[in-house]
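Student: Please walk me through reading cavities, ring contacts and charge pairs in a model.

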Amino acid sequence: MAVKELHESPSLSSLYPKALLGSLRKSGGNTLPSTEFVREGVVVDPAHLAAYNQVCGFRLDDVLPATYPHILAFPLQMALMTEDDFPFPLLGMVHVANRITQHRQLRLDESFTLRVRAEDLRPHEKGRQFDVISELLVNDSPVWTDVSTYLRRGGGSGEKSARGQLSQPSPTAIWQVPGDIGRRYAEVSGDRNPIHLHPITAKAFGFPSAIAHGMWTKAHALAAFEGRLPEAFTVDVKFKQPVLLPAKAAFTTWSEGDGWAFELWNARKPKPHLEGSVVAL
């Protein structure tokens, strides 16, 4: 695998126009690039961490929430997926799942090496999917791993999954999700996909209103377990139907084995938004 070393975080302001151009000229392919983006000396800005914690519902602390390093990896993920040899246009891809493994607690005062690569292009019932792997390392040892699964719609060849009658569980809590949460999360994450920012821009992509970021819903769900989480764990989610903003959502948790399971539903209709689990290592 070829390694591309970066001395600073890629500029998202330049990557979004590149993503738009890619949507006009990329038509797909059968091979993911064999390139790994690497950045050393990654450190956390305390003010940025505080802003992220406030938007997502975490308490202020010098221990990083397990979802926070995804923000550090996002510019490298964007850079990887906007390269000329990446087969799919970034715009229009769907983030369908995310699995984060925290091997130990990560602290604000640490310095990390960040690695990002794409792997495992495979069929999906609605198209093709692949994984973007992001890792934080300290002294060459992985301390945090993020697997983001993306779907490129069209030409599906996978087997269709069975679908039964949906039955919404009794909620543990009700979320009142404000209409501006997409813009607020975009400010701290750098993810300014227009589907999250405003009803007008979301309608241009086929949504009746702006939708919440999937990684915001995951982070807000994880914040509900704060104070009970072990130092090492995996939090795994599958993103279902989008959260149309503003929203009233029903959040449900229950104990399961060495951890918890959780779901997020539309509070008014039997429509699931997210399902996930937290498992101790």
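Student: Which residues line the largest cavity?

Tutor: General idea first. Rolling a probe the size of a water molecule over the atoms shows where empty space is left. A cavity is a set of points, on a 1 Å grid over the protein atoms alone, where a 1.4 Å probe fits but cannot get out; lining residues have an atom within 4 Å of a point. Here the lining of the largest cavity is Lys18, Ala19, Gly22, Lys26, Met81, Thr82, Pro89 and Leu90. This is a predicted model: local features need pLDDT of at least 70, side-chain atom pairs count only at pLDDT 80 or more, and totals for chains, interfaces and linings use all residues. Residues are numbered from 1 along each chain as its sequence is written, and side-chain values use heavy atoms, with hydrogens and water left out.

Student: How many cavities of 30 Å³ or more are there, and what is the volume of the largest?

Tutor: The structure has 1 cavity of that size. The volume of the largest is about 30 Å³. A volume is the space filled by probe spheres set on the points, which are joined across faces, edges and corners.

Student: Which element gives the largest share of that lining?

Tutor: Helix α1 (residues 12-25), with 3 residues. Helices (H or I, at least four residues) and strands (E, at least two) are DSSP runs, numbered from the N terminus. By class, the lining splits into 4 nonpolar, 2 polar and 2 charged residues. Ala, Val, Leu, Ile, Met, Phe, Trp, Tyr, Cys and Pro count as nonpolar, Asp, Glu, Lys and Arg as charged, and the others, Gly among them, as polar.

Student: How many aromatic pairs are there?

Tutor: Rings of Phe, Tyr and Trp (its six-membered ring) pair if their centres lie within 6.5 Å; planes under 30 degrees apart count as stacked, over 60 as edge-to-face and the rest as tilted. The structure holds 12 such pairs. Tyr52 and Phe58 are stacked, at 6.2 Å centre to centre and 15° between the planes. Phe88 and Phe130 are stacked too, at 5.9 Å and 15°. This second pair links distant parts of the chain: Phe88 lies in the loop between α3 (69-81) and β3 (94-102), Phe130 in strand β5 (residues 127-138), 42 residues apart.

Student: Is Phe88 buried or exposed?

Tutor: Buried means under 20% relative accessible area, exposed over 50%, partly exposed in between (1.4 Å probe, protein chains only). Phe88 is buried, because its value is 1%. Phe130 is buried at 0%.

Student: Which residues form one aromatic cluster?

Tutor: Trp175, Trp216, Phe225, Phe251, Trp260 and Phe262. Arg228 puts its charged end over the ring of Trp260, 5.4 Å from the centre. The test: NZ of Lys or CZ of Arg within 6 Å of the ring centre and within 35 degrees of the ring normal.

Student: How many salt bridges are there?

Tutor: Side chains of opposite charge can pair when their charged atoms come close. A salt bridge is a side-chain nitrogen of Lys or Arg within 4 Å of a carboxyl oxygen of Asp or Glu. The structure holds 15. In one of them, Glu36 meets Arg115, with the closest N and O atoms 2.9 Å apart. Glu36 sits in strand β2 (residues 35-42) and Arg115 in strand β4 (residues 112-124), 79 residues apart. Glu36 is buried at 8%, whereas Arg115 is partly exposed at 24%.

Student: Which residues are linked with them in a network?

Tutor: The network of salt bridges links Glu36, Arg115, Arg117, Glu119 and Glu135.

Conventions:
On a 1 Å grid over the protein atoms alone, a cavity is a set of points where a 1.4 Å probe fits but cannot get out, and a pocket is an open set with protein on both sides within 12 Å along at least five of seven lines; lining residues have an atom within 4 Å of a point.
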